[in-house]
Amino acid sequence: MLLQPVWNFLLAHSSVQRSPFFPVFFSLSVYLIFCLPFLLLDLLSLRWTLVRRYKLQSQSSISWASVRSCLALTLYNHLLFIFPLTVLNWYLRPVQLPQEAPPLHHLLAQVLVCLLLFDFQSFVWHLLHHRVPWLYRTFHKLHHTYTSTSALTAEYSGAWETLSLGLFAAANPMLLGCHPLTEMVFFIVNIWLSVEDHCGYDLPWATHRLIPFGLYGGARHHDLHHLKSKCNFAPYFTHWDRLAGTLYTGD
């Protein structure tokens with residue numbers, strides 16, 4: 001009942017959700033909207049010490065050249081690779097929109113499971129692409145162009161990395177039989193956490209500060225990965241790195 005009004009609103013615009021253009025428009029729009037506040041912080045940090053004190057690498061600053069480069073590669077990957085695949089998926093797997101919204105507890109539980117699955121899949125993928133030199137040189141090195149992270153570097157990667165991680169994100173809700181609303185919420189949360197991971201700031205309200213006991217790595221965790229390259233391979237949670245002996249906290 002709590003989610004039904006939201007789902008009714010979305011059903012009223014079902015033609016948008018059924019469009020082959022929707023997945024690309026949705027993911028790209030959500031990504032850029034989430035990047036905007038951090039880009040604003042990057043601009044403010046050039047003048048305000050109060051903002052700069054929260055930067056993980058206080059000596060670094062973003063350049064317009066890097067912004068253009070990151071935006072160009074993101075648009076390139078979305079238009080040339082992601083869009084054709086979403087059209088193919090739209091053709092082979094027509095969108096099904098049930099009339100009833102999922103129960104809130106089901107939605108929250110399935111979003112958490114999707115995040116945990118994605119975290120494991122990404123950890124294995126990431127570790128392999130660092131441990132196998134050919135994989136690193138051929139596919140993953142591009143993402144490590146910037147040792148100082150900023151929000152737009154979250155999707156600064158080649159087609160193989162973009163598509164393989166995107167496949168994990170798309171497959172998990174399908175495997176769990178998630179409601180379309182659950183799938184949408186998972187995508188939004190996943191994109192936010194990825195952007196926050198790369199934002200370059202250790203803010204007081206950051207996710208890793210809200211989740212206790214060091215269970216979640218967050219921006220500080222991932223920034224250390226870009227600096228050191230041989231640690232912190234899981235995108236979000238810390239348990240896989242802890243088990244593999246690859247966790248580094250910088251302390």
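A: Let's start with phenylalanine 213, which sits in the loop between helix H10 (207–210) and helix H11 (218–228). Helices here are DSSP runs of H or I with at least four residues, strands are runs of E with at least two, and both are numbered from the N terminus. This is a predicted model, in which local features need pLDDT of at least 70 and side-chain atom pairs count only at pLDDT 80 or more, while totals for chains, interfaces and linings use all residues. Residues are numbered from 1 along each chain as its sequence is written, and side-chain values use heavy atoms, leaving out hydrogens and water.

Look at the backbone of phenylalanine 213: its phi is positive, about 65 degrees, although the residue is not a glycine. Phenylalanine 213 counts as exposed, with a relative accessibility of 75%. The cut-offs for relative accessible area are under 20% for buried, over 50% for exposed and in between for partly exposed, with a 1.4 Å probe and protein chains only.

Now follow the chain into H11. This helix is mostly covered, as 8 of its 11 residues are buried. Among them are four histidines, His221, His222, His225 and His226, and Gly218, Ala219, Asp223 and Leu224 are buried residues of H11 as well. What do the buried residues of H11 pack against? Their partners are helix H6 (104–131), helix H7 (133–140), helix H9 (180–198), H10 and helix H12; a contact means heavy atoms within 4.5 Å.

Just after H11 comes another positive phi, about 75 degrees, at serine 229. Asparagine 232 is not a glycine either, and its phi is positive, near 55 degrees. Is asparagine 232 buried or exposed? At 0% relative accessibility, asparagine 232 counts as buried, whereas phenylalanine 213 is exposed.

Ring pairs join Phe118, Tyr216, Tyr236 and Phe237 into a cluster. Rings of Phe, Tyr and Trp (its six-membered ring) pair if their centres lie within 6.5 Å; planes under 30 degrees apart are stacked, over 60 edge-to-face, and the rest tilted. The structure holds 14 aromatic pairs. One of them is edge-to-face and joins tryptophan 134 and phenylalanine 139, with 5.5 Å centre to centre and 90 degrees between the planes. Tryptophan 134 is partly exposed at 48% relative accessible area, and phenylalanine 139 is partly exposed at 24%. Phenylalanine 186 and phenylalanine 187 form a tilted pair, 5.8 Å centre to centre with 45 degrees between the planes. Phenylalanine 186 is buried at 0%, while phenylalanine 187 is partly exposed at 22%.

Finally, step back to the whole chain. The protein chain has 12 helices and 0 strands. Of its 251 residues, 44% count as buried. Among contacts with a separation of 6 or more, 71% are between residues 24 or more positions apart. The C-alpha atoms fill a box of roughly 50 × 40 × 40 Å along the principal axes.
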